[in-house]
Amino acid sequence: MKYTEEHEWLRVDGDLVVIGITEHAAEQLGDVVFVELPEAGTQVSTGDDIVVIESVKAASDIAAPVDGEVVEVNDALADTPGLVNADPLGSAWFVKMKVGDPSQLDGFMSEDEYRDMIA
Amino acid sequence: MPNLSRTPLHDLHCELDARMVPFAGYEMPVQYYDGVLWEHLHTRSSAGLFDVSHMGQVRVCADSLEEAQIALEALVPVSVLGIPEGRQRYGLFTDEAGGILDDLMIANRGDDLLLVVNAATRAQDIAHLSANLAGCSVTPLIDRALLALQGPASEAALAALVPGVAEMRFMDTSALDWNGVELWVSRSGYTGEDGYEVSIPSSRARALAEALLASEAVIPIGLGARDSLRLEAGLCLYGSDIDTSTTPVEAGLEWAIQKARRRGGEREGGFPGASRILDELESGAPRRRVGFLPDGRAPIRAGARIFREGSDDPVGEVTSGGFGPSLGRPVSMGYVETGLSGTGTALEAEVRGKRMPVTVADLPFRPSTFKR
């Protein structure tokens with residue numbers, strides 16, 4: 001698993017990259033009540049806002065950490081947004097992306113580096 | 001946090017693992033361990049304890065109570081003379097243009113009036129009172145804390161410590177003894193639930209909070225749930241839903257202006273902005289505060305503009321919005337042109353550049369449970 005400074009995690013799954021947010025981020029957001037996901041097939045560039053997470057308190061955007069195509073989104077979050085709090089590292093993944101250039105992942109943090117950042 | 005004031009319960013909040021945030025110049029708990037959703041639902045099903053010590057408590061007195069009541073009527077469209085001893089009433093400070101300077105509670109305590117004003121507007125309210133209440137003394141009560149206990153289990157939890165509270169009705173106010181301390185209790189609140197607001201000397205506030213939290217029914221509640229509770233109850237947040245750009249009639253607060261202060265009343269007008277406000281009471285205002293129920297699941301928050309279906313000219317704006325935990329759906333309130341303010345009117349809100357269907361709804365979103 002790799003981590004971004006924006007508290008996203010990235011997990012390589014075959015030729016796809018699965019993207020979610022960390023436990024730390026989910027805890028900071030508070031109770032999540034709505035998740036807006038992009039459509040499968042959307043081409044995105046690094047920094048594009050691809051997901052909106054609404055907690056009881058506020059709306060937050062999740063930016064694409066890499067360039068590529070969104071090939072699958074987690075529809076379970078539409079009915080059960082609370083999964084983001086209950087299981088942020090597992091069943092509450094947001095999108096799976098096909099990444100053109102896998103070396104894009106090289107710059108991200110390891111788990112230890114991420115833990116140091118939030119400590 | 002630098003330059004922020006603390007309430008007498010600050011250390012207790014920290015011991016209870018509250019997440020503290022800056023609010024109106026104070027360091028305040030936004031939520032505790034269980035989070036906003038749980039705190040909200042617990043308040044509706046049992047009882048929640050809120051620290052509202054940041055709000056301003058102000059004593060107004062004169063040579064006679066009547067003199068103080070008459071003086072205050074020059075600043076509010078409320079029949080202050082009509083508040084019986086031992087009762088309180090919701091009120092508004094208005095400005096010359098008919099806008100709202102603040103909303104407040106006014107209690108008649110027999111010898112004096114006790115006002116409770118918003119934290120963010122406290123300094124300007126006190127200056128306004130001091131400058132304009134002829135012959136009155138205006139005393140900010142800086143050494144008293146204010147706790148709110150809200151929810152259906154409030155009566156039992158507070159009556160276990162202070163038996164006299166059980167006899168009180170909604171908007172009654174009373175001075176009652178607790179272990180030798182004089183509490184100023186009112187049966188009121190900001191959640192739509194039955195409950196109490198209790199003024200207590202700062203030095204004893206923690207002891208009272210701990211005695212209430214010792215009850216299994218009571219948990220501490222932060223500002224997050226305070227906001228979602230008042231939103232479901234259709235109650236205005238000063239600075240968001242009402243301010244100097246909104247009038248009492250636009251805001252749907254006509255009920256706070258008693259007959260005695262209206263046209264043809266015994267003490268008609270005589271408050272700032274009276275001509276506009278009295279006109280609007282008779283002929284209506286161009287826009288109204290209403291509820292909006294989003295058709296979808298996305299919360300529609302303050303600032304979202306409201307449109308007729310397919311039109312590009314805004315007809316209103318959301319002033320508060322979020323998720324309503326007791327309703328299990330998003331809820332919003334805001335202003336819309338009066339012609340479009342009828343319950344059930346289908347409109348659209350703009351969120352992140354997209355149009356979302358909303359329906360105009362009556363406020364409150366959920367019926368209140370006051371003990372009248």
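The model is predicted. The domain assignment of chain B lists domain 1, made of 10-53 + 142-232, and domain 2, covering 286-372. Taken over C-alpha atoms, the centres of domain 1 and domain 2 of chain B are separated by 29 Å. The contact between these domains takes 14 residues from domain 1 of chain B and 17 residues from domain 2 of chain B. On the side of domain 1 of chain B that touches domain 2 of chain B, helix 2 and helix 7 of chain B are the elements that give two or more residues. Helix 2 of chain B supplies the largest share of that side, 4 residues. By type, the residues of the side of domain 1 of chain B that touches domain 2 of chain B divide into 5 nonpolar, 3 polar and 6 charged.

Next come the strands. Strand 9 of chain B, residues 144-150, has 7 of its 7 residues buried, so the strand is largely enclosed by the rest of the structure. Both of its faces are covered: Arg144(B), Leu146(B), Ala148(B) and Gln150(B) are buried on one side, and Ala145(B), Leu147(B) and Leu149(B) are buried on the other. Strand 9 of chain B pairs with strand 3 (residues 47-51) of chain B in the antiparallel sense over 4 bridges. Within that pairing, Ala148(B) in strand 9 of chain B is the bridge partner of Phe50(B). Strand 9 of chain B also pairs with strand 12 (residues 195-201) of chain B, in the antiparallel sense and over 7 bridges. Here Leu149(B) has Tyr196(B) in strand 12 of chain B as its bridge partner.

Helix 6 of chain B spans residues 202-213, and its 12 residues at 1.5 Å a residue should span 16 Å; the end C-alpha atoms are 17 Å apart, which agrees. Which residues of helix 6 of chain B are buried? They are Ala205(B), Leu208(B), Ala209(B) and Leu212(B). Seen down the axis of helix 6 of chain B, these buried residues fall within an arc of 105°, so they line one face of the helix. The face turned away from the buried side of helix 6 of chain B carries the exposed residues Ser203(B) and Glu210(B).

Helix 4 of chain B, residues 122-132, has as its buried residues Arg122(B), Asp125(B) and Leu129(B). Viewed down the axis of helix 4 of chain B, they fall within an arc of 65°, so they line one face of the helix. Ala127(B) and Ala131(B) are exposed residues on the face of helix 4 of chain B turned away from its buried side. The cover over the buried residues of helix 4 of chain B includes strand 4 (56-61), strand 5 (87-94), strand 6 (100-108), strand 7 (113-117) and strand 8 (137-140) of chain B.

Ala24(B) lies in the loop between strand 1 (19-23) and strand 2 (26-31) of chain B. Phi of Ala24(B) is near 50°, a positive value in a residue other than glycine. Because 16 other C-beta atoms lie within 10 Å of its own, Ala24(B) is partly exposed. Met171(B) is found in the loop between helix 5 (154-159) and strand 10 (173-178) of chain B, and its phi, near 75°, is a positive value in a residue other than glycine. Met171(B) counts as partly exposed, with 19 C-beta neighbours inside 10 Å; a residue is buried if 20 or more other C-beta atoms lie within that distance.

Leu253(B), in the loop between helix 7 and helix 8 (274-283) of chain B, is buried, with 20 other C-beta atoms within 10 Å. Leaving aside neighbours within four places in sequence, Leu253(B) is in contact with Leu92(B) and Pro248(B). In the segment after strand 19 (354-361) of chain B lies Pro364(B). A cis peptide bond joins Leu363(B) and Pro364(B), with omega about -5°.

Last is the contact between chains. There, 13 residues of chain B are in contact with 10 residues of chain A. Helix 2 (36-45), helix 7 (223-232) and strand 16 (314-324) of chain B each supply at least two residues of the side of chain B that touches chain A. The residues of that side divide into 5 nonpolar, 5 polar and 3 charged.

Conventions: Residues numbered from 1 in each chain as written. Chains lettered and ligands numbered in written order. Predicted model: local features only at pLDDT ≥ 70, side-chain atom pairs only at ≥ 80, totals over all residues. Contact = placed C-beta atoms within 7 Å. Nonpolar A, V, L, I, M, F, W, Y, C, P; charged D, E, K, R; others polar. Buried ≥ 20, exposed ≤ 12 C-beta atoms within 10 Å, placed from the backbone. Expected span 1.5 Å × (residues − 1). Arc of directions from axis to C-beta. Domains from an automatic or database assignment. Pairing = 2+ DSSP bridges.
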